[in-house]
Amino acid sequence: MSSTTENGKAGGEGVRTLTALAISELVKGELRGDGKVTVSAVAPLDRADKTQVSFLGNARYTAIAADTKAGVVLVSSELADSVANVPVRIIVEKPNEAVLVLLPFLYPEAERVASIHPTAVIGRRARLGKNVVVDEYAIVGDGAELGDNVWIGSHAVVGDGVKVGAGSRLFPHVTLYSGAEVGERVLLHSGVCIGSDGFGYVQRNNAHEKIRHVGRCVIGNDVEIGANTTIDRGSVDDTVIGAGTKIDNLVQIGHNCRIGRMCLIMAQAGIAGSVRIEDGCIIAGQAGLGGHITIGKGARIAGQAGVFGDVPAGESWSGYPARPHKESLRTTGALFRLAGMLKRIEKLLDEKEKS
């Protein structure tokens, strides 16, 4: 495989440019064109130039592909003729996935040297693994545990007794309250708050008396949580996020929720307390889930849906209040037709009054 670093030398670490031949070897694709063509970045079809690689895996973009200026295009065999004008085509079964292989080579992460910044605060009895980085003004509380290769960003707070698994990264301004437990290879983006108290009160003596929250907030392995998302700790039970689940920015998850493995939860979704979301579910943007309901395995909740009851496994629900997607479409269609019907009724009434 031929590749070039920033200083023009062949190598692996710090790669910034790749030849078409190197790309074909990396993605295990069929090279059609000049293997010596080099690219240094990935770009969409309509903005790519001759120094960039793009990809085409969906027929809806063939019109854009016909005018692309990309130097290299990863393309499926059935769409290869759509980019016959580019210098190099690399035929792969799944172009979108092939791009993922290239990204670490064209955009290598900055090297990280194990260090504790002088402004960081490390609590008593805190245990730090190998190759840990703690950046400026970060706080690691008393008795906290950081696994090997953990990276704590600037101004992040790891509360007393919190555990963070190996290979996890907290970006700047992440807050882990006491009672939080984070698995391995977890990414928590800036502003994430894990383990704050849930919204729980009892009305007594003419006041809203706070229910003390003593449960944990447990984040499984390989979870990624987007910026400014908040996940409450349990009241007496635990809040749990299953392994491999990915959560977008600005999501709220209430106390005692249990989210299964490999779920996707998108931006601005709100999930009330004690909800059960089983493995492989998709919760689309701005959906709202009422408390104490269950979303069955593999179910899909459409954007802006309002869910107030259990959703069976494998079903797609939408609308407000949410119902099976086809039923929701019929209801919406009927509502749109209602305006026309009212106009016709009003016209008939006017004619009757005049007659």
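This is a predicted model: local features need pLDDT of at least 70, side-chain atom pairs count only at pLDDT 80 or more; totals for chains, interfaces and linings use all residues.
Two open sheets are considered here. Strands of a sheet pair through backbone hydrogen bonds, in either the parallel or the antiparallel sense. Opposite G270 stands G288 of β36.

The other sheet contains twelve strands in the order β9-β12-β15-β18-β21-β26-β29-β32-β35-β38-β40-β41, and here the pairing is mixed. At its edges stand β9 (115–116) and β41; each has a single partner strand, so one side of each lacks a neighbour in the sheet. An antiparallel pairing over two bridges links β40 and β41. S318 has R323, in β41, as its bridge partner.

Helix α1 spans residues 20–27, and six of its eight residues are buried, so the helix is largely enclosed by the rest of the structure. The buried positions are A20, A22, I23, S24, L26 and V27. In an α-helix there are 3.6 residues a turn, so residues three or four places apart point the same way.

Two aromatic pairs were counted. In one of them, the ring centres of F199 and Y201 are 5.2 Å apart; the planes stand at 75 degrees, over the 60 required, so the pair is classed as edge-to-face. F199 is exposed, with a relative accessible area of 73%, whereas Y201, at 40% relative accessibility, is partly exposed. The rings of F308 and Y320 also form an edge-to-face pair, with centres 5.6 Å apart and planes at 85 degrees. F308 belongs to the loop between β39 and β40 (316–318), and Y320 to the loop between β40 and β41 (323–324); the pair therefore ties together parts that are twelve residues apart in sequence. F308 and Y320 are both exposed. A contact between a charge and a ring is found at W151, where the charged end of R169 sits over the ring, 3.7 Å from its centre.

The loop between β27 (230–232) and β28 (239–241) contains S235. With a relative accessibility of 11%, under the 20% limit, S235 counts as buried. Apart from neighbours within four places in sequence, S235 is in contact with R212, H213, V214, G215, H255 and N256.

Empty space in a structure can be located by rolling a probe the size of a water molecule over the atoms. The second largest pocket holds about 180 Å³ of space. Its lining is made up of P44, L45, D46, S54, F55, L56, G57, N58, Y61, I64 and N96. Strand β6 (residues 52–56) supplies the largest share of the lining of this pocket, namely three residues.

Conventions. Residues are numbered from 1 along each chain as its sequence is written. Side-chain values use heavy atoms; hydrogens and water are left out. Two strands pair if DSSP finds at least two bridges between them. Helices (H or I, at least four residues) and strands (E, at least two) are DSSP runs, numbered from the N terminus. Rings of Phe, Tyr and Trp (its six-membered ring) pair if their centres lie within 6.5 Å; planes under 30 degrees apart count as stacked, over 60 as edge-to-face and the rest as tilted. Buried means under 20% relative accessible area, exposed over 50%, partly exposed in between (1.4 Å probe, protein chains only). A charge sits over a ring if NZ of Lys or CZ of Arg is within 6 Å of the ring centre and within 35 degrees of the ring normal. Contact means heavy atoms within 4.5 Å. On a 1 Å grid over the protein atoms alone, a cavity is a set of points where a 1.4 Å probe fits but cannot get out, and a pocket is an open set with protein on both sides within 12 Å along at least five of seven lines; lining residues have an atom within 4 Å of a point. Grid points are joined across faces, edges and corners, and a volume is the space filled by probe spheres set on the points.
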